[in-house]
Amino acid sequence: MINDPEIPYDREFDTPEEEDWRDLRIVAYNSHTELYNSSQRQLPDDNWLFPPEFTVEAVLGINHRKLNEIRRDTSASLQFNEPLRQIDIWGDRDSVKRARHMLDLIVERLQQHSDATKPKSRKWGKADRKLTKKEQKRANRKLAQQMENLNYRQYPDEPFQYKAIVPFPDKSIPPRTIFGSRNEYLNRLCAECKCYMRYNESMNVVELTHNIEASVIKAAERMRNWYLSVCRTPSTSVVHILKQPSNNMVVQFRALPPDFTVLRYASPAQEQKTRRHGRLLEGLTTGIIIDQIYDDMDSTNADYDLDQRSISSELSNEIKELDEANAKKMKTALEVGLESIRLMKWDIRMKLYFGHVVVTQYPRNNTPRTLEHFVNKTLASKNFTTKFAPSIAERIEDLEDVFAWLTHHCTEYTYSPNTSYIIEARQSPSLVEKISENRQTLHRKLVKDHEQWNTTLIVNFTSEKRVGVWRCLVEQLDITTIQSADLQDDYDWELKLQRAVNMSKDETRSSTPHGLFVDNLELNQESDRLVYLPNCLCYSPQLITQKKKWIYAYTDDWTIELIRDEIWDINLLNIPPGRHYLPVDLSMYEPQRTIFRLAMYREQWKSRLSENAMLELGEAPSWTPTIFLKNPNDEKETLESIVDAAQTVKRALNQK
């Protein structure tokens, strides 16, 4: 038996002292303690040394303006120590760490600008080593390929066995628009199709010849497709349809509720104006006696005699066929829209959204209208305009029944939920040369005079919270919009076919305003809020959206997305206009709006439209409008199945 020690074990002596997080070089740095007057303040918790290649004004700004902004953002105390050429920092661990990080960012940006503007000098280099046999063969093949491509630019004096012509019916289009500067597009097609081509100006045709028939056919098809893509302009349309009701009724407009969210986001003044003037459609079935209906929109007084009695519950023959007429309108609009963009190298998408149709321009006379009059006159009028309100809720607690329906009837994807960040901005196409800080007014004028684009950045982050896949879209356009209103349901739906030009290129990433902006994006490690760095006056973020998607697989190749949008209006955050080198952490600001949206699409739409993003010069995708709208796995027509799927999801929304 081991005897107990005479002195009991004291656990307090085993507790290690808390490690001091401050820089030991500062705590033990006694040779310059006379620089700090003990009567004024204690030794700093940390310091930050100035890089020798930059001046104090370049780092801290005029009158140390950037230092004041760091103090405000980090709650740390900072002071410029001129004898030691350093920044002394006081504060807790987190505030000191953040202050140092912001100072490092300033220097990093200065180095980026210095490297970009530094002239490249010619220097001595090592002599090229001798190529290996494998590398020499590769180089010889590449050189032979280049010589062969140059050979196709010389049209032969005597045509070969197979010949073809591609006529250009529209003589108003300049040849340079089709063939490019110095025939770059024509030469490229010659090389890729391995066919001889030349332009016959007198006949306004392209002549093709070669000994291989397949090469001539391929070159003629691609030249024709390229000509059509140059000639065509997107055909846009908006189609308003009314879901066929189960019984007869009349239609009237009613005011919006006071807290109704009309737009995805708008300024408070614009939102209030839209809410004040907007109207919802309402169907009345009983207790309505109508003598006359005056339609101010059509500027005609039409007399509708209903025999001084309540309207009949039986539908007319015209309204009984309303769903069939709607399907024909949808098919025509989609076929025209798809054909107008089929040959374009664009980012294209088509989705179905749920919400409410809000009428913004309507007849001032709110006398109820019969279904026939509303469909044939009101909806068909050019003055009838609407907006689609996409919000289905503003709190996740209001969607418990919707989540329950999705869990029971759908299968959630393994990568759900995922989060992406959308930055809507005004920017210059290219970087504007920086001007010194005391000439910011001239800089603003230079950027103002420059061409400005509306762009949308879509940024995804990896699991390590680093920037992953991103795209920058410009020239966004709604090609076909179909809005379906339902008088017997709380929700409507909208089908949108949209296109945009993708201007994201890796080789020009750091030489563009949006590329430089993406390079400086990061996430707050705790809140996952975006932290961005305003790089210059060339790129001005307007709205930033943190989008979280719950994605589910539904029957018949459908995908359903439940989306939460948290939107920040940068113009309302009171960020100093001259703040170009310090990060903005959105976790410090509450979003101006949070809404939930519901969307759905077919996977075959996504896969077919993705072909357009990879088209080469003159190529065409594998789909046509007829193939695109056909669903081989469904016995019904595609447009009817779209309506049926929308009605099923709407019933789920009505449960919430």
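The model is predicted, so local features need pLDDT of at least 70 and side-chain atom pairs count only at pLDDT 80 or more, while totals for chains, interfaces and linings use all residues. Residues are numbered from 1 along each chain as its sequence is written, and side-chain values use heavy atoms, leaving out hydrogens and water.

A search of the whole structure finds zero disulfides, a disulfide being a pair of cysteine sulfur atoms within 2.5 Å. For C190, the nearest cysteine sulfur belongs to C195 and is 6.9 Å away. C190 is buried, with a relative accessible area of 1% (buried is under 20%, exposed over 50%, and partly exposed in between, with a 1.4 Å probe and protein chains only). C538 is also buried, at 0%.

Next come the loops of the backbone. The peptide bond from S416 to P417 is cis, with omega near -5 degrees, and P417 lies between strand 15 (411-412) and strand 16 (418-427). Strands (E, at least two residues) and helices (H or I, at least four) are DSSP runs, numbered from the N terminus. N204, in the loop between strand 5 (196-200) and strand 6 (205-210), has a positive phi near 55 degrees without being a glycine, and is buried at 10%. K465 also has a positive phi, about 65 degrees; this residue sits between strand 17 (453-461) and strand 18 (467-485) and is partly exposed at 22%.
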